Amino acid sequence: MPFDLWLSFVVAATILAIAPGPDNLFVLLQSAMHGPKAGVLVTLGLCVGVFIQTCFSAFGVAAAVAASPVLLTIIKCAGAAYLTYLAWGAWRAPVSEADETTIEKKPLTLTPFKLWTRGILMNITNPKVLIFFLAFFPQFLVKGSSEAEVMVQMLIMGLTFLVITLVVFSCVAWCAGSLANRIRNPRFQSILNKTSALIFLALAVSTKIEMFC
């Protein structure tokens with residue numbers, strides 16, 4: 001995978017990991033309520049889920065390449081359409097005011113294992129994560145790659161996304177006290193939502209341009 005393409009993926013994935021979503025807000029809430037260790041444990045579980053979803057998407061796209069290059073084009077077109085839909089949703093996403101009552105610390109009632117498994121289940125039981133991977137990752141594939149090359153590229157992106165998730169979410173967990181108010185700040189949420197929307201739209205447009213080149 002070319003370094004410049006991988007670097008573009010890192011930038012896009014990092015911004016999307018920071019943008020408010022169910023996973024990082026759940027990590028923030030657990031950290032604010034039960035302490036940073038709880039948030040890190042949930043993050044580790046989410047990362048296991050990311051790895052599982054990555055394997056599913058990597059083998060699925062590689063199988064599509066083996067079956068027919070046309071099928072991969074169809075997947076990329078469907079992914080571009082889905083990313084456009086996500087861009088529209090992110091641009092129009094509502095923002096919520098900070099609620100001080102939700103970040104009041106409470107005693108930790110869940111064991112470390114339960115927190116870890118909760119993170120795994122939250123990720124792998126969400127079909128939107130797999131759909132997102134199937135839409136997002138193929139946009140960074142090298143044109144003309146073989147089945148094996150596609151699988152390797154998808155796994156590289158998956159592991160990269162896993163590391164980014166671990167770093168970003170762990171930072172959210174350890175800085176929950178200050179980040180809770182920051183991420184829940186309406187202006188901050190609005191900026192991240194619109195940034196995410198522009199990234200989704202840019203990826204969707206780049207796929208369409210590639211088809212006509």
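## Cysteines

Cys175 has a relative accessible area of 35% and is therefore classed as partly exposed, in what is a predicted model. The cysteine sulfur closest to that of Cys175 belongs to Cys171 and lies 6.0 Å away, which is too far for a bond, given that a disulfide requires the two sulfur atoms to be within 2.5 Å. Under the distance criterion, the count of disulfides comes to zero.

## Aromatic pairs within helix H6

The count of aromatic pairs in the model comes to twelve. One of them joins Phe132 and Phe136, whose ring centres are 5.1 Å apart and whose planes meet at 15°, so the pair is stacked. Both residues belong to helix H6, which spans residues 127-136, and they are four residues apart, or about one turn of the helix. Phe132 counts as buried because its relative accessibility is 13%, and Phe136 likewise counts as buried, at 0%.

## A contact between H6–H7 loop and helix H7

The rings of Phe137 and Phe161 have centres 6.2 Å apart and planes at 65°, so this pair is edge-to-face. Because Phe137 sits in the loop between H6 and helix H7 (147-174) while Phe161 sits in helix H7, the pair ties together parts that are 24 residues apart in sequence. Phe137 and Phe161 are both buried.

Definitions and conventions. Residues numbered from 1 in each chain as written. Predicted model: local features only at pLDDT ≥ 70, side-chain atom pairs only at ≥ 80, totals over all residues. Heavy atoms only, no water. Phe/Tyr/Trp six-rings, centres within 6.5 Å; stacked < 30°, edge-to-face > 60°. Helix = DSSP H or I, 4+ residues; strand = E, 2+ residues; numbered from the N terminus. Buried < 20%, exposed > 50% of the residue type's maximum accessible area, 1.4 Å probe, protein only.
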